[in-house]
Amino acid sequence: MTASSKATKKTTKKSSDKKASASKTPSLKSVSNSAKKPTTEEMLSLYKDMLLIRRFEEKAGQLYGMGLIGGFCHLYIGQEAVVTGIQSVQEEQDTVITTYRDHGHMLACGMDPKGVMAELTGRTGGYSSGKGGSMHMFSREKNFYGGHGIVGASTAIGTGLGFSHQYKGDNGVAVAYMGDGSANQGQVAESYNMAALWKLPVLYVIENNKYGMGTSVARSSAGELYRRGEGYGIPGEQVDGMDVFAVQNAARQALDYIRSGNGPYILEVLTYRYRGHSMSDPAKYRSKEEVAKYKDEQDPIAQVKNLMMEEGIPEDNLKSIDKDIKAIIAEAAQFAQESPEPHVDELWTDVLIPVAE
Ligand SMILES: Cc1ncc(C[n+]2csc(CCOP(=O)(O)OP(=O)(O)O)c2C)c(N)n1
Ligand SMILES: [Mg+2]
């Protein structure tokens, strides 16, 4: 089934439909009612954005293999439709925060691939001047608030970003990403409670890629993650994260709901990471067949590519887009290798913020 035909049928499950929550959570119109056929421009734009992330991550994997990237490196390959679909329907003032699996989110926010790659190689041209690495990059200009290695932290800090939007009255929404493993953290429950109580504008996105390190969701999590907010009156929804149009539609409605002053919303996006947890994980806890099935049958980029070819866009045009994107990434990789390493005098700078006397 192609992405667009899936986008026009109901691809989501909602906790607000459930009897248990019917009295507390407002009902939302179903995604299928508002799904419209994407235009060629929309398809091309999403295709480019997803491909940029894919090619960036492939190159990061190569540089890691060559010993040019040190420390941890968590690739986003396979999950591209999640952040691409959501970011495509955000507004300028919205803020984003995520976990350590963060390169895709930075690129989706519009951060420069050169600065992200140079941070991975620990160079001064990186977003944290080469002192943060893969998990610690930020851009206030692009409203990207990290990059956090502590599981669950992005949810709590994301709740604070939501408070900031409410306090400033800028009509912005904080989009706070977490993994399926993070969803079991205590601070996530505390965040849900506070956000519901104060009606904070936060979109909680659970990227359920089926595993938290080597532990499957089935072995670690009771119940459905998108229903975890029911006790607080937070509506939740589950959406196919390999289908960028389904993600886009669900996010559009969720953001409308939040921006109208209704408080937080939980979007559980079902996705899959093709690589191991980090570069050092051979991923022996899952079968090759399982991985191949996702790659061959549900790849988010191939789905959009097939759809565009069905719509009559020549394959050569798509190949030339890929070539252009590979050139951008090659340039970023070169910059990341040529940019100097931080001087030893920088070891103690940027550690504490100077307090004004
Ligand atoms: C508070 C805390 N506990 C444990 C860890 C170790 N740890 C790092 S990643 C991870 C798994 C998280 O999995 P998930 O939330 O599903 O995200 P994914 O890696 O799948 O994107 C764990 C347990 C940590 N970083 N922080
Ligand atoms: Mg996970």
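Helices here are DSSP runs of H or I with at least four residues, strands are E runs of at least two, and both are numbered from the N terminus. The model is a predicted one, where local features need pLDDT of at least 70 and side-chain atom pairs count only at pLDDT 80 or more, while totals for chains, interfaces and linings use all residues. Residues are numbered from 1 along each chain as its sequence is written, with chains lettered from A and ligands numbered from 1 in the order in which they are written.

Let's start with helix α8, which covers residues 153-168, 16 residues in total. The expected span of a helix is 1.5 Å times one less than its number of residues.

Which residues of α8 are buried? They are Ser 154, Thr 155, Ala 156, Gly 158, Thr 159, Leu 161, Gly 162, His 165 and Gln 166. (Buried means that 20 or more other C-beta atoms lie within 10 Å of a residue's own; exposed means 12 or fewer, partly exposed is in between, and C-beta atoms are placed from the backbone.) An α-helix has 3.6 residues a turn, so residues three or four places apart point the same way. The cover over the buried residues of α8 includes β2 (95-97), β3 (174-179), α9 (186-197) and β4 (202-208).

## The chain as a whole

Zooming out, the chain has 14 helices and eight strands. Its radius of gyration is 20 Å, close to the 21 Å from the globule rule for 357 residues, so the chain is as compact as a globular protein of that length. (The radius is taken over C-alpha atoms, and the rule is 2.2 Å times the number of residues to the power 0.38.) Along the principal axes, the C-alpha atoms fill a box of roughly 65 × 60 × 40 Å.

Of the 357 residues, 51% count as buried. Two residues are in contact if their C-beta atoms, placed from the backbone, lie within 7 Å. Among contacts with a separation of 6 or more, 76% join residues 24 or more positions apart.

## The nonpolar core

A nonpolar core is a set of buried Ala, Val, Leu, Ile, Met, Phe, Trp, Tyr and Cys residues joined through C-beta atoms within 7 Å. The largest one here has 80 residues, and those with the most contacts inside it are Val 175, Ala 176, Leu 203, Val 205, Val 247, Ala 254 and Leu 267.

What does Ala 254 touch, not counting residues up to four places away in sequence? Its partners are Leu 203, Glu 237, Tyr 265 and Leu 267. Gly 236 is in strand β7 (residues 236-240). This glycine is buried, because 27 other C-beta atoms lie within 10 Å. Gly 236 and Pro 264 are 28 residues apart in sequence, with 9.3 Å between their C-alpha atoms.

## Around ligand 1

Ligand 1 is surrounded by 15 residues, the closest being Val 151, Gly 179, Gly 181, Ser 182 and Gly 212. (A residue counts as near if its C-beta atom, placed from the backbone, lies within 6 Å of the molecule.)

By class, this shell has four nonpolar, nine polar and two charged residues. Ala, Val, Leu, Ile, Met, Phe, Trp, Tyr, Cys and Pro count as nonpolar, Asp, Glu, Lys and Arg as charged, and the others, Gly among them, as polar.

## Two positive phi values in loops

Most residues other than glycine have a negative phi. Asn 143 has a positive one, near 60°, and lies in the loop between α7 (113-120) and α8. Asn 143 is buried, since 20 other C-beta atoms lie within 10 Å.

Lys 210 also has a positive phi, near 80°, and is found in the loop between β4 and β5 (211-212). Lys 210 counts as partly exposed, because its C-beta neighbours inside 10 Å number 16.

## Toward the end of the chain

Ala 327 belongs to helix α14 (residues 315-338). Buried or exposed? Ala 327 is exposed, because 11 other C-beta atoms lie within 10 Å.

Val 355 lies in the segment after α14. Val 355 is exposed as well, with 5 C-beta neighbours inside 10 Å. Val 355 and Arg 219 are 136 residues apart in sequence and 47 Å apart in space, C-alpha to C-alpha.
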